Amino acid sequence: LCPPKLEFEYITVLNKLLDTEKYTIIDLNEVLVLFVEENKNDIVELFDILKASINQIFTAAIGEVRDDLYSRIISAVKIAYSQDKIPVLVNAGVLYGAKLNFNKLLEDNIIEHGIHPVIILYPGHKDSETYYFLNDKIASDYRCLIID
């Protein structure tokens, strides 16, 4: 858990502190930008069709097979696991902006049965016993251990 205003400072420190032999930092901003660049035409069309359901632009519906942001994030985690490294997700605000279901990500079979935990730099704050993702969306410690 880190204050959103200090997220970039935390990322800088993580890049310096974490041993690249043991950890892989996955920058979700980079994953998003690459996804958009490679799917520009499809995304424009999907925005026209799915204006009210932005999450479906970035996550394929159940049974639908297409390139999406969600599967790219899971793929990056799988690559880290294949290298016997701990995945560290940074710039997690992408999940909120793309309306990706945080719990779905944590419950994904790859993460749930992964050889290592996934670390997520979580921009938000805790007020009493309530966590707020990006100081806005009420969150919980469901399926995770939050370190203040």
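1. A definition to begin: a nonpolar core is a set of buried Ala, Val, Leu, Ile, Met, Phe, Trp, Tyr and Cys residues joined through side-chain atoms within 4.5 Å, where buried means under 20% relative accessible area with a 1.4 Å probe, protein chains only. This is a predicted model, with local features needing pLDDT of at least 70 and side-chain atom pairs pLDDT 80 or more, while totals for chains, interfaces and linings use all residues. Residues are numbered from 1 along each chain as its sequence is written, and side-chain values use heavy atoms, without hydrogens and water.

2. The largest nonpolar core has 30 residues, and Leu69, Ile73, Leu89, Leu95, Leu100 and Leu105 have the most contacts inside it. Helices (DSSP runs of H or I, at least four residues, numbered from the N terminus) that supply at least two residues each include H2 (28-38) and H3 (40-49). H5 gives the largest share, 7 residues.

3. Where is threonine 59? It is in the loop between helix H4 (55-58) and helix H5 (69-82). Threonine 59 counts as buried because its relative accessibility is 13%. Beyond four places in sequence, threonine 59 touches (heavy atoms within 4.5 Å) Arg66, Asp68, Tyr70, Leu100 and Lys104.

4. Now the strands (DSSP runs of E, at least two residues). S4 (residues 124-127) and S5 pair in the antiparallel sense over 4 bridges; pairing requires at least two DSSP bridges. Histidine 125 has tyrosine 132 in S5 as its bridge partner.

Methods:
Buried < 20%, exposed > 50% of the residue type's maximum accessible area, 1.4 Å probe, protein only.
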